[in-house]
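Please read them with the coordinates open.

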Amino acid sequence: MTLLRVDGISKSFKGLRAVDEVSFEVAEGSILGVIGPNGAGKTTVFNLITGALRPDTGRVHLAGREITGHVPHQVTAAGMTRTFQLMRPFYSMTVLENVTVAVLAGGAARRTARTAAAELIERVGLGRWRDAPTEGLPTAALKRLELARALASKPRVLLLDEVLAGLVPAERAPVMELLERLRTEDGVTLVFVEHIMAAVMRLSDSVLVLDLGRVLTSGAPEEVTRDPRVIEAYLGEDPHAHA
Amino acid sequence: MATLDPDEVRAPTARAVPWLRIGVIAALVVLAIGLAYVRSGSGVVVVQAVATGVLIGGVYGLIAMGLTLIFGVLDIVNFAHGSFLALALFLTFGLTQAGLHPYLALAASVPAMFLLGVLVQRGVLAGAMGKPLENQLLITLGISLIIENGLLLFFGANPRSVALPGDRGVPIFEAVANLSRILAFVGALILAGLLYLLLQRTRLGTAIRAVAANDTGAQLVGIDTRVIYAVTFALGTACAGAAGTLVAPLVTIEPTTGSLFNIVAFVVVVLGGMGNVVGALVGGLVIGLAEQLGGIYLPGQSPLLSVFIVFVLVLFLRPQGLFGRSA
Amino acid sequence: MTTTTDTPAAETAAGRPLPRLPWNRHLVAIAVLAVLLVPLPLILPAAQASVAVRVLIFALMSIGWNMMSGFGGMFSFGHAAYFGIGAYACAWLLVEQRVSPWIGMLAGMVIAAAFAALIGFLALRYKLRGAYFALATFAFAEMLRLWATNSDFVNRAVGYHVPLRTDSSWWWLQFEPSSPNYFWIALGLTVVALVVSVQFVRSRAGQFTKAARDDEEAAAAVGIPVMRYKLLTMALSAAITAVAGAFYVQYFLFIDPDLAFGSSVSIQAILPAVIGGVATIWGPVIGSVVMGPLNDVTATMLRNPPPALEFLQGRSGLDVIVYGILLIIIVLVLPKGIYGTIRQRWSRR
Ligand SMILES: Nc1ncnc2c1ncn2[C@@H]1O[C@H](COP(=O)(O)OP(=O)(O)OP(=O)(O)O)[C@@H](O)[C@H]1O
Ligand SMILES: [Mg+2]
């Protein structure tokens, strides 16, 4: 069953077509990888479907309901949450407080919110940072905080914007395992933007390639990465070698 | 600063004159004047309002140019601007008491306010550069409290006045304006022109504009931004000082007089586009008019009320000002 | 605002106890302080007792400001609007309609809250931030001042005198000038405001507001309806400051447009919080304790100035100069304020 359907969304900034008639569908319980060179419009697509930006054209449907033009908190309430490529913690709060707020926003009772937040923090492997202020936290921890906070709203669709970037290989493996478990144990549908091809190959059921705001191609990971147009979009270099 | 639609905040790429905007503003002004005529039913009243509004508007423009320059370059919302004007008022008063011609006091008030500007910027504000906006706002607020109440402490609250020798009413069409008002307007325009030339035609002006556009970039090409910050702030306060002397014959001189001009100057700065020096001058004229015409629209209300109404409308509908932001 | 019991001792999956929350400690501290302060007006000489009342009025105003501008991060330069609405609602209802000041106080709170929500809606709708937001709040307060100054509806620039009664009355909130009741009422109102601010910060609404202050987009992304909670915070903040205005009228028996809506009123709401510590529970209180007595100290000094400064005798303005100097020093040296700095040192150990 299609859980997320995007039909022909576009967005221009001062004449620059950042996203141009992009369409795709994501089936419930599947994982879609989104790749494309820098500036291809990946983050802008996330901004458009979560309501952070209003699309110039096109529609977005979540579980059959139209959510085009909804503001971000409504989209989250409808079951779709995103993380930010440039991490955006609530800087005056500790890690625990950050996640607690998100749990509360998801509708939990105040009595149980902190415990639930602490469990989420353990789950994403942030345990040792739990009571630390977010100021001065390393990138790896901030990325996981993004993940924990997004999970707090118990989303059906989770949009991840480069959660693996900035992590050393040893740190990536547990996050990838977590993402896999999110799908198998929690049934979360994932859309993730990633430059690290090994992760894209391992996790995605299908891959969407964006270039200059358009969908270049989409399909199974192996097919897509062998597509000469994709290789060319990555400036002639082998996408496997990228980043 | 305010987050604006990215389409709206664009630095003017060419030095093109925005004729369309000027046309729209002129049309609005004509409409406002027409409505005032309908409302009052008297040509003399309207002509008088327009004459008074434009004349004082030039002075507002000069004050606001200083304020907007400071904002554009140092990113500081200077709540102390009006209190520098008040200082200049009292300085002018003191010098005329000593027998000097009021306009000769310019030779004292401008350098004095320039110097004070340097001292305040280096001594107090430099410590808060790059800190959150609230910090700078609070510091300038503190400075204004000190100056305004210092004047109150030393001179008391009694209103004073300065008389211009040979001041008289000059007929303009059917209206009458005091010579002192006309001279204040002319003086303000001359000084505004000089400031504009300084910014556009001199090395110092180029450096100031470079720092306004991008201070790290300016630093890289060898501009000492600390000096530019101090000089810019001082130029801004010197504008307030000059305006203080020019309006001295027109106003009752009290420690709080400055804060009235400060309020108006904020409105003008937002109207003209924060950081836009030319916009400030045009905005000054528009606000001068709005103040006088507002008196016709809303009889019995303070003219300041219409200034605030314009202000709030501009904040909500065109927060980037009439001409957008630039320095 | 819901206030359920937090569970400090709850164990996590990993078995580590969660850190204790400070809220109950704050509440206990408020209660202890309140009890300790009750005998104060009986001990202090009359002049000092009135200083104590002024401290409490400052505290009330500033607790209100701190909620919106500290915890909410929306820098208001126009809290005079809410103070003035509280004062004028109370005075108008009392003088023109013979309504008890207590009801006037409630009415003032409601009107101030509605006005704040309206301003807030406009400001947020048009995305005013930083300097623009501060200037807009300032403009609305000034507009109210100008309107009141020229409006027959509220007696123009003359303002209102509270009619004097021959007897003392709780219902009409009027006592002997030296009565300790004024202090006790102000203390009660301040304690309630403090408790409200503690409960607010620990509540869902308070936590959401803080999150939105830190990062609006991230807050919206986790599902917080940012606009709704910001407006709620502004309304609550305005209502508390309105209480200060209503009490002010009853205590000083007089109000006019400048005393109610003047920009110096807005400054008086800001300064205690900044001096004591913005976005802390105790900051506004500590700042008020510093600021309140200054006025008296400087007035005494100017009544009998040292010989070298003879010419300053009987002048005013020195107190505000000291505020200004204090403000600059605090912002430059202790940007977190007195309490904020102490708290930070404490938690670092
Ligand atoms: N708010 C905005 N205003 C103006 N231009 C924007 C805005 N957001 C994005 N752009 C532009 O749109 C284009 C697409 O940007 P986007 O951030 O979506 O790329 P991306 O694929 O996420 O790139 P990266 O891999 O670097 O994260 C870029 O050219 C960018 O400069
Ligand atoms: Mg991106």
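This is a predicted model: local features need pLDDT of at least 70, side-chain atom pairs count only at pLDDT 80 or more; totals for chains, interfaces and linings use all residues.

1. A polar contact is taken here as a pair of N or O atoms within 3.5 Å, where within protein one atom must be able to donate a hydrogen and the other to accept it, and where residues adjacent in sequence count only if both atoms are side-chain atoms.

2. Residues are numbered from 1 along each chain as its sequence is written, chains are lettered from A and ligands numbered from 1 in the order in which they are written, and side-chain values use heavy atoms, with hydrogens and water left out.

3. To place C:Ser69, it sits in helix α3 (residues 46–71) of chain C, where helices (H or I, at least four residues) and strands (E, at least two) are DSSP runs numbered from the N terminus. C:Ser69 is buried at 7% relative accessibility, given that buried means under 20% relative accessible area, exposed over 50%, and partly exposed in between, with a 1.4 Å probe and protein chains only. Apart from neighbours within four places in sequence, C:Ser69 is in contact with C:Met74, C:Phe75 and C:Ser76, contact meaning heavy atoms within 4.5 Å.

4. A polar atom of the B:Asn262 side chain lies 2.7 Å from the backbone oxygen of B:Phe79.

5. Which residues of helix α14 (residues 294–303) of chain C are buried? They are C:Leu294, C:Thr298 and C:Leu302, and because they cover an arc of only 60° around the axis, they lie on the same side of α14(C); the arc is that of the directions from the helix axis to the C-beta atoms. An α-helix has 3.6 residues a turn, so residues three or four places apart point the same way. The cover over the buried residues of α14(C) includes α5 (133–155) of chain B, together with α13 (283–291) and α15 (318–333) of chain C.

6. A:Lys154 has a phi of about 50° and is found in the loop between α5 (139–151) and β7 (157–161) of chain A, where A:Lys154 is exposed with a relative accessible area of 71%. C:Leu173 has a phi near 50° and is placed in the loop between β1 (160–161) and α7 (180–202) of chain C, but C:Leu173 is buried, with a relative accessible area of 0%.7. The structure holds 26 salt bridges over all chains, a salt bridge being a side-chain nitrogen of Lys or Arg within 4 Å of a carboxyl oxygen of Asp or Glu. A:Arg123 forms one with A:Asp186, the closest N and O atoms being 3.0 Å apart; A:Arg123 lies in helix α4 (residues 110–123) of chain A and A:Asp186 in helix α6 (residues 169–186) of chain A, so the pair ties together parts that are 63 residues apart in sequence. A:Arg123 is partly exposed at 27% relative accessible area, and A:Asp186 is partly exposed at 40%.

7. A:Glu146 forms a salt bridge with A:Arg149, with the closest N and O atoms 3.4 Å apart. The two are three residues apart in helix α5 of chain A, and about one helical turn therefore separates A:Glu146 from A:Arg149; both A:Glu146 and A:Arg149 are buried.
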